[in-house]
Amino acid sequence: MTLAVLAALGAAAAGGLHIATKTLKNQVEHALGADSEVDEIAVGWSSIEARGVRIRAPRGWPAEDALRAERVVVTPDLRSLVSAEVKVARITVDRPYLSIWRTRDGKLRLLPSLLEKPKEAGGAASSAASPAAPSVGIGSIELLDGVLEFYDASVRQPAHKTRLEHLHAAVEDLHVPNLSGRTRIALDAVVKGVQRDGRVTIAGWAELADKNSELATKLAGVDLVALQPYLIKASETGVRRGSLDLSLTSTVRNNRLHAPGAVTLTGLELSGGGGAFGTFMGVPRQAVVAALKNRNDQISIRFTLDGNLNDPQFSLNDSFAKRIGTSVAETLGISIESLTRGVGNAAQGLGGVMKKLFGK
């Protein structure tokens, strides 16, 4: 009798799980939208497996695809059978490709067809007539051996591309489409460079809806040539070779950024040109070259980024470059005051020469 009851309960549980995966299959197909392709969807007793997944990027996106993946495995949460919210225990993505776009005004965009709410046409009436997107809670998303291409239009036009390979990333406690609550983030990847490859790790949390976050970022041995747009202006002396190590802990609360960090520049070799007034990160090129010779080709500095992200005058890119440049100058023993005075003296000297030549 006991065995029969256990068998019946087991069959009921299996049947309930199968119904749950069938329901989730339909929701996955609908959620991916018209710009998506799926070669095959297999429904098992405990999960859904989608093979050959592709989400094409919208018009104007810097890459052809927003997402590609060889295989996506979705494991539902049985508790969602008795909940108003659809719940997914785990999503595992094998060998994905992902493109992220940072627009010219600094807005970060990722998987717009899934994470960005479409604008309703026709105002409130249209919004009331169309059903709201279902709320989905995801326990964890794991990306295995992936590629991420980051297009940054805020530093260069066309957008500067940074490519990460052998990407392993994990996101926990994600709620879409409202993005409420605290989401934990972890990432480890190889940063592709022109002359060498480095490594990046990111760990922390973000409240995506409220734009609060606390993240620890580390770069190790990253190619300086690939990072030039973040360090120097187009008019400044460029980089021939070198590597960068960075450690940064950034905190955002109420749209205010506080981020202390440390940077080490190793094997830095600057391009020629620029003349006597050539600069690197706002520091005279000749001073940087001389300092490298006395420091075994290595400069280590500490800095802090602070700013109001709501302030239209605040630019994270400009703030980073200026703060690093100021710290380099201070480390080399060059004060901003002496730099200003040096420019003034140079101008006075030039004026004296002009007077002697033209008698005025």
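Colleague: Which side chain meets that of glutamate 49 in a salt bridge?

Modeller: That of arginine 71, with 3.5 Å from N to O. A salt bridge here is a side-chain nitrogen of Lys or Arg within 4 Å of a carboxyl oxygen of Asp or Glu. Glutamate 49 lies in strand E2 and arginine 71 in strand E3, so the pair ties together parts that are 22 residues apart in sequence. Helices (H or I, at least four residues) and strands (E, at least two) are DSSP runs, numbered from the N terminus.

Colleague: Before we continue, what kind of model is this?

Modeller: It is a predicted model, in which local features need pLDDT of at least 70, side-chain atom pairs count only at pLDDT 80 or more, and totals for chains, interfaces and linings use all residues. Residues are numbered from 1 along each chain as its sequence is written, and side-chain values use heavy atoms, with hydrogens and water left out.

Colleague: What is the mean pLDDT of the chain?

Modeller: The mean is 78, and 72% of the residues reach 70 or more; pLDDT is the predictor's confidence in each residue, from 0 to 100. A contact means heavy atoms within 4.5 Å. Over residues 335-360 pLDDT also stays under 50, and the model has seven contacts there beyond four places in sequence. Where pLDDT is low, the predicted coordinates should not be read in detail.

Colleague: How many helices and strands are in the chain?

Modeller: The chain has seven helices and 15 strands. Of its 360 residues, 39% are buried. Buried means under 20% relative accessible area, exposed over 50%, and partly exposed in between (1.4 Å probe, protein chains only).

Colleague: Back to glutamate 49: is this residue buried or exposed?

Modeller: Glutamate 49 is buried, with a relative accessible area of 16%. Its side chain also makes a polar contact of 2.6 Å with the side chain of arginine 51. A polar contact is a pair of N or O atoms within 3.5 Å; within protein, one must be able to donate a hydrogen and the other to accept it, and residues adjacent in sequence count only if both atoms are side-chain atoms.

Colleague: With which aspartate does arginine 71 form a salt bridge?

Modeller: With aspartate 94, where the closest N and O atoms are 2.8 Å apart. This pair links distant parts of the chain, with arginine 71 in strand E3 and aspartate 94 in strand E4, 23 residues apart. Aspartate 94 counts as buried at 17% relative accessibility, whereas arginine 71 is partly exposed at 32%.

Colleague: How many salt bridges does the count come to?

Modeller: The count comes to 22 salt bridges. One of them joins arginine 54 to glutamate 37, with the closest N and O atoms 3.9 Å apart. Arginine 54 is in strand E2 and glutamate 37 in strand E1 (residues 36-43), 17 residues apart.

Colleague: You mentioned E4. Why is strand E4 largely enclosed by the rest of the structure?

Modeller: Strand E4 (residues 86-102) is largely enclosed because 13 of its 17 residues are buried.

Colleague: And how many bridges join E4 to strand E6?

Modeller: There are 13, and E4 and E6 (residues 136-152) run parallel. Two strands pair if DSSP finds at least two bridges between them. In this pairing, valine 88 has isoleucine 138 of E6 as its bridge partner. Nine bridges join E4 to strand E3 (residues 65-76), and these run antiparallel; there, proline 76 stands opposite valine 88. E4 and E5 form a hairpin with five residues between them, and glycine 106 in the turn has a positive phi of about 90°.

Colleague: A new topic: in which strand does histidine 168 lie?

Modeller: Histidine 168 lies in strand E7 (residues 160-176), and is partly exposed with a relative accessible area of 36%. Its side chain makes a polar contact of 3.1 Å with the side chain of glutamate 142.

Colleague: How far apart in space are histidine 168 and leucine 187?

Modeller: They are 5.9 Å apart, C-alpha to C-alpha, although 19 residues separate them in sequence. Leaving aside neighbours within four places in sequence, the contacts of histidine 168 include Leu143, Ala186 and Leu187.
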